[in-house]
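Colleague: I am new to this structure and would like a close look at one part of it. Please take me through that part slowly.

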Amino acid sequence: MTNGMNQASESGDDRRRDFESEALPHLDALYGLALRLTAGDEARSEDLVQDAVLKAWRSWDRFAIGTNCRAWLMTILRNTFINQYRRDSSRPHPVDFDEISEGPGAGRLYDADPEGRVFDRLVNEHVVSAIQELPDEFRVPIVLADIEGLGYQEVAYTLGIPVGTVKSRLFRGRKRLQTRLHRFAEEMGYLP
Amino acid sequence: MSDETRGGAGTREAAPEELSCEESLALVYEYLDGELPQDWNDAVRRHVEKCRLCYPYFDFERMFLDYVHEAGQGTARASPELERRIRDLISGESEA
C-alpha cells in the first residue's frame, strides 16, 4: 500500500478509474502537442503520447488531485520528447544554427502587408505546415514559447540552452515563419 | 545572476527615459513576450505609443504572435486505437 498523496487506501481498480477519468480526456491535447514537437510525425507522436501517459500512470500516486492534470501531463510529454531529442541530437550537427542569417527575405511580410490582413485570410493549416518545415532548432522553441506559452527561462531550462540562445532562436524562427507565410500569401493571392 | 545569457531583470542596467527606434525595435519580441523588466517595458511602451514608425510594426508583430498562438494549436485528435492501446497497457500494469 502506498502512502503517497493520492488516495493511498484506494483499491487498484478505483485508482485506475480515477487516473483514466482525469488523464485520458487530455489525449487529444497531448497528441496535438506531440505532433507539433515532432513536425507532424503521427507514428512518433502516438508513441510519445503512450510513453508519457504510462509515465504519468506510474507516478500517479505523486499527482495531487485538484491540481492541473493537463499541465502535468503536458510537462511529462514535453520532457519525454526532450530526452529523446537530446539523445538523438547529441551528435554534432553539421550546421551551426546560431550562425545562420535569415537573409534578405526577412521582414518582407510586414513590408507587403503592414496591417497584417493576411493573418485573417491564411488558414490554420498554413501556419501548422510553416512551423513543421522549420528545423528542430527553431521549431521546438517556437512550439514551447509561442504555442504552449512557456516563458524564456522555462524554454531554456527545458532545452538545456542559455536564455540568450532561446531569444535568438525565437527571433530567427519567427522571421523564417514570416518569410514562409509571405510566400503562402503570395501564392494564394492574399497580399494587398 | 551576473551571467548575461540568463537575461531578465537582474542583468540589465536601468532603462533610460527615452529610447530610440533602433533600441525599441531590438526589444520588440522581449517586449511582446512580456520578458522585459518593468522599467524597460515602460520605456519601450512610452516610445512605441508616440512613434508613428514603431507603433504599426509592433502592432503587426503582436498580430503575428497571436496568429501563431491561435492557429498553431491545431485540431488533431488522438485515434481511438491509441486510447484503447493505452487503456490496455494501464490495466496490464495494474494487474501485474
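Is Lys175(A) buried or exposed, and what is its relative accessible area?

Modeller: This is a predicted model, in which local features need pLDDT of at least 70, side-chain atom pairs count only at pLDDT 80 or more, and totals for chains, interfaces and linings use all residues. Residues are numbered from 1 along each chain as its sequence is written, chains are lettered from A and ligands numbered from 1 in the order in which they are written, and side-chain values use heavy atoms, with hydrogens and water left out. Lys175(A) is buried, with a relative accessible area of 5%, where buried means under 20% relative accessible area, exposed over 50% and partly exposed in between (1.4 Å probe, protein chains only). Its side chain forms a salt bridge with Glu61(B), the closest N and O atoms being 2.7 Å apart; the term stands for a side-chain nitrogen of Lys or Arg within 4 Å of a carboxyl oxygen of Asp or Glu. Because Glu61(B) lies in helix H4 (residues 54-71) of chain B and Lys175(A) in helix H10 of chain A, the pair joins two chains, helices being DSSP runs (H or I, at least four residues) numbered from the N terminus. Glu61(B) also counts as buried, at 0% relative accessibility. The contact, meaning heavy atoms within 4.5 Å, takes 47 residues from chain A and 37 residues from chain B.
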